[in-house]
Amino acid sequence: MAGSGWLALRTMPGPGWVRGSGPAVLRRLRDAAVVRPGFLSAAEEETLRRELEPELRRRRYEFDHWDAAIHGFRETEKSRWSEASRAILQRVQAAAFGPDQTLLSSVHVLDLEPRGYIKPHVDSVKFCGTTIAGLSLLSPSVMRLVHTQEPGESLELLLEPCSLYILRDSARYDFSHEILRDEESFFGKLRVPRGRRISVICRSLPEGVPMSAAGSDESVPSTTGAPGVLGFPPRPSCRDRSSRELSRTLPMAMATNSKRSEMTGNLHTGDCFTNLTN
């Protein structure tokens with residue numbers, strides 16, 4: 001870490017899963033950008049994968065997204081789930097969303113092939129509320145957040161399989177987020193090899209939108225007292241500012257963050273994180 005200018009936030013005993021460009025951004029986003037490693041068991045991950053695989057296999061990977069924000073992906077929106085999967089989504093709701101938050105009626109499922117990636121973007125305020133929560137399946141990846149007006153402020157999230165990430169408030173509105181392509185996939189000096197990655201994403205209803213607009217045909221029983229509705233908006237409007245628009249404000253941060261030196265080791269071995277968390 002010497003000379004890197006990056007600090008790591010230890011979210012629990014063991015390796016850190018959140019790294020920031022400085023102590024100020026770590027303090028600012030301590031409760032707004034959260035990673036919960038091991039949120040799913042291996043059996044729960046397999047439950048979700050097996051339920052999603054038949055529908056995903058019917059779709060081809062795409063390489064020309066409508067707003068140029070995603071490369072090498074296929075996606076779907078899903079509102080009907082098995083009982084086992086609905087129980088998992090209930091836990092996501094309880095962990096990530098407040099009792100006064102309503103969730104959209106369909107869950108967004110995004111499948112990135114090993115070479116796939118998501119460019120910097122900010123989700124549209126028209127179709128997503130204050131909170132975004134995503135489960136990561138199959139492959140580890142690195143999510144990078146960069147402040148849209150102050151590109152020197154940035155954050156990296158290490159998303160291991162079975163983890164849950166939560167973006168809310170400032171992290172959701174003021175920072176772009178992206179999933180790094182394989183050749184750029186480093187968490188500090190730690191190389192994070194990319195494979196196929198499936199994310200299961202829940203989002204809160206936009207402010208000012210009536211609950212009836214969630215349009216749920218199959219709600220998820222709530223354990224928090226909040227209306228048990230999960231979902232995602234119509235696809236053509238889910239991302240507000242694509243990488244094309246953000247490219248004018250992010251070049252300095254992208255140039256700085258692209259310089260990484262490789263560190264060998266197993267991603268799941270704590271020793272690899274020693275110099276990131278001291």
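**Salt bridges, cores and buried residues in a predicted model**

Arg196 and Glu53 join their side chains in a salt bridge, with N and O 2.8 Å apart. A salt bridge here is a side-chain nitrogen of Lys or Arg within 4 Å of a carboxyl oxygen of Asp or Glu. Arg196 lies in the loop between β12 (190-191) and β13 (197-203) and Glu53 in helix α2, so this pair ties together parts that are 143 residues apart in sequence. Helices (H or I, at least four residues) and strands (E, at least two) are DSSP runs, numbered from the N terminus.

The structure is a predicted model, in which local features need pLDDT of at least 70 and side-chain atom pairs count only at pLDDT 80 or more, while totals for chains, interfaces and linings use all residues. Residues are numbered from 1 along each chain as its sequence is written, and side-chain values use heavy atoms, with hydrogens and water left out.

Glu53 counts as buried because its relative accessibility is 8%, whereas Arg196, at 21%, counts as partly exposed. Buried means under 20% relative accessible area, exposed means over 50%, and partly exposed is in between (1.4 Å probe, protein chains only).

Arg49 and Glu53 are four residues apart in helix α2, so about one helical turn separates them. Arg49 in turn forms a salt bridge with Glu46, where the closest N and O atoms are 2.7 Å apart. Glu46 and Arg49 both belong to helix α2 (residues 42-57) and are three residues apart, again about one turn of the helix. Both are partly exposed: Glu46 has a relative accessible area of 32%, and Arg49 one of 22%. A network of salt bridges links Glu46, Arg49, Glu53, Arg74, Asp111 and Arg196. The count of salt bridges by this rule comes to 16. Side chains of opposite charge can pair when their charged atoms come close.

Arg74, a member of that network, also lies over the face of Tyr61, at 4.1 Å from the ring centre. Arg181 lies over the face of Tyr117, at 3.9 Å from the ring centre. For a charge to sit over a ring, NZ of Lys or CZ of Arg must be within 6 Å of the ring centre and within 35 degrees of the ring normal.

The next topic is the nonpolar interior. A nonpolar core is a set of buried Ala, Val, Leu, Ile, Met, Phe, Trp, Tyr and Cys residues joined through side-chain atoms within 4.5 Å. The largest such core has 32 residues, and those with the most contacts inside it are Leu29, Ala33, Met143, Leu145, Leu155, Leu157 and Leu167. At least two residues each come from α1 (23-28), β3 (33-36), β4 (70-78), β5 (107-123), β7 (141-147), β8 (154-159), β9 (164-168) and β10 (175-179). Strand β8 supplies the largest share of this core, four residues. Apart from this core lies another, of 23 residues, including Val107, Leu164, Ile166 and Val200. In soluble globular proteins, nonpolar side chains tend to be buried together.

Leaving aside neighbours within four places in sequence, Leu157 is in contact (heavy atoms within 4.5 Å) with Trp17, Val18, Ala33, Val35, Ser141, Val142, Met143, Leu145, Leu167 and Phe187.

Leu159 lies in strand β8 and counts as buried, because its relative accessibility is 0%. Beyond neighbours within four places in sequence, its contacts include Val35, Ser141, Met143, Tyr165, Ile179 and Arg197. Leu159 and Trp17 are 142 residues apart in sequence, but 7.5 Å apart in space, C-alpha to C-alpha.

Ser163 is buried, with a relative accessible area of 1%. A polar atom of its side chain lies 2.6 Å from the backbone oxygen of Glu160. With neighbours within four places in sequence left aside, Ser163 is in contact with residues including Val35, Arg36, Pro37, Gly38 and Phe39.

Glu150 lies in the loop between β7 and β8. Glu150 is partly exposed, at 38% relative accessibility. Between Glu150 and Asp174 there are 9.4 Å in space, C-alpha to C-alpha, and the two are 24 residues apart in sequence.

Methods. Polar contact = N/O pair within 3.5 Å; in protein donor to acceptor, adjacent residues only side chain to side chain.
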